[in-house]
Amino acid sequence: MGVMFSLLAVIVMIILASAGAGLIGWQYLFAVVLPYLAMATFLIGVAYRVVKWARSAVPFRIPTTCGQQKSHSWIKNNPLESPHNVWGVLGRMAMEVLFFRSLFRNTRVKVTEGPRVLYSPDKWLWAMGLAFHWSFLIIFLRHFKYFAEPVPAWVTMLQELDGFFQVGLPIILATNIVIVVSVTFLLVRRLVDPKLRYISLPADYFPLFLLLGIVLSGILMRYFTKTDLVGIKALGTGLLSFNPVVPEGVSLVFFVHLFLVSVLLAYFPFSKLMHFAGVFMSPTRNLANNNRIRRHVNPWNYPVKVHTYEEYEDEFRELMKTAGLPVEKEQ
């Protein structure tokens with residue numbers, strides 16, 4: 001049910017963009033108004049979520065660790081798995097963000113004859129997740145050529161590296177193939193595995209279908225249909241300078257592509273995709289495990305009036321002696 005709902009939602013969006021920009025002629029709406037609204041929603045939504053997370057109370061040190069904590073000098077600690085200072089935390093976060101270190105340890109479980117429960121490493125999820133995120137980042141950076149004039153040198157270099165394995169014209173970019181394969185794997189994995197299919201919601205399928213729609217419409221424009229790149233760049237630079245002009249003769253596929261991107265931007269702050277910012281705000285990742293080095297006191301603790309034993313004995317000493325109870329001081 002969740003699969004069909006998500007797929008149907010993306011198909012309806014494609015039809016809306018095709019009909020709106022093609023038949024009705026609302027090209028200014030789909031090329032200018034909706035992208036601006038989507039970008040504003042994205043920026044405000046992301047800022048709201050990040051500020052809300054930043055204001056959350058984190059009174060205790062709760063980092064997740066997989067290694068020996070720093071304690072005595074003769075015990076070897078693991079600075080990445082159990083960081084005790086800022087540099088350790090930065091190294092751990094870099095490994096997590098750039099290489100998905102925790103996902104690399106992902107395991108899967110299955111019941112075989114016997115019955116026996118078997119655990120085995122599941123590196124495909126890690127490899128495809130890493131391939132998707134890196135290819136998505138490179139494609140995102142490559143698109144700067146449509147918003148900047150002249151095109152920055154690093155964008156040109158990035159595109160040349162992406163098309164290093166040149167096959168025909170236009171050049172087949174490696175990231176275009178990698179992102180299709182990786183997103184398809186993530187989608188098929190949810191559909192094939194009964195356990196994952198049981199716990200999957202429309203919010204799990206919808207981003208995958210939406211990303212596939214964006215990628216496939218982009219590939220369709222680049223390799224199979226005629227696209228006015230000069231007009232698209234004029235629109236992109238106009239949007240960035242807040243002086244947009246919708247060029248004539250831009251293909252309908254472009255409007256579909258741009259509308260799906262706008263939907264992704266507006267949907268981003270309210271979805272699981274916000275993990276891109278959440279990983280930096282997670283106290284299980286961004287805190288140092290120095291509980292044996294420093295005493296951490298909850299800053300929100302209210303002052304408590306303490307009645308020590310010495311004060312207690314001073315108050316009830318004579319009564320305690322009368323009752324035959326031992327006392328530490330006679331007077």
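Modeller: Gladly! One term to begin with: a residue counts as buried when its relative accessible area is under 20%, as exposed when that area is over 50%, and as partly exposed in between. Please keep in mind that this is a predicted model.

Colleague: Thanks! What share of the 331 residues of the protein count as buried?

Modeller: The cut-off to apply is a relative accessible area under 20%. Taken over the 331 residues of the protein, the share that counts as buried is 34%.

Colleague: And how many helices and strands are there in the protein?

Modeller: Both kinds of element are present in the protein. The strands are two in number, and the helices come to 14.

Colleague: What radius of gyration does the protein have, next to that of a compact globule of 331 residues?

Modeller: Let's start from the reference: a compact globule of 331 residues would have a radius of gyration near 20 Å. The C-alpha trace of the protein spans about 105 × 60 × 45 Å along its principal axes. The radius of gyration of the protein itself is 29 Å.

Colleague: Now the strands, please. In which sense do β1 and β2 pair?

Modeller: Strand β1 covers residues 107-112 and strand β2 covers residues 116-121. Six bridges link the pair, and Thr112 stands opposite Arg116 in β2. The sense of the pairing is antiparallel.

Colleague: Which residue in the hairpin of β1 and β2 takes a positive phi?

Modeller: Three residues lie between the strands of this hairpin. The phi in question is near 140 degrees, and the residue that takes it is Gly114.

Colleague: Let's turn to Thr175. Is Thr175 buried or exposed?

Modeller: Thr175 is part of helix α7, which runs over residues 174-192. Leaving aside neighbours within four places in sequence, Thr175 is in contact with Ser135, Ile138, Ile139, Arg142 and Asp162. Its relative accessibility is 6%, so Thr175 counts as buried.

Colleague: And Ile44: buried or exposed?

Modeller: Ile44 is found in helix α2, residues 27-54. Because its relative accessibility is 60%, Ile44 counts as exposed.

Colleague: How many Å apart in space are Ile44 and Pro202?

Modeller: In sequence, 158 residues separate Ile44 and Pro202. Taken C-alpha to C-alpha, their separation in space is 24 Å.

Colleague: Last one: how many Å apart are the mean positions of the positive and negative charges of the protein?

Modeller: The protein has 31 positive and 19 negative charges. The mean positions of these two sets are apart by 9 Å.

Methods: Residues are numbered from 1 along each chain as its sequence is written. This is a predicted model: local features need pLDDT of at least 70, side-chain atom pairs count only at pLDDT 80 or more; totals for chains, interfaces and linings use all residues. Side-chain values use heavy atoms; hydrogens and water are left out. Helices (H or I, at least four residues) and strands (E, at least two) are DSSP runs, numbered from the N terminus. The radius of gyration is taken over C-alpha atoms; the globule rule is 2.2 Å times the number of residues to the power 0.38. Buried means under 20% relative accessible area, exposed over 50%, partly exposed in between (1.4 Å probe, protein chains only). Lys and Arg count as positive and Asp and Glu as negative; His and the chain ends are not counted. The place of a charge is taken as NZ of Lys, CZ of Arg, CG of Asp or CD of Glu. Two strands pair if DSSP finds at least two bridges between them. Contact means heavy atoms within 4.5 Å.
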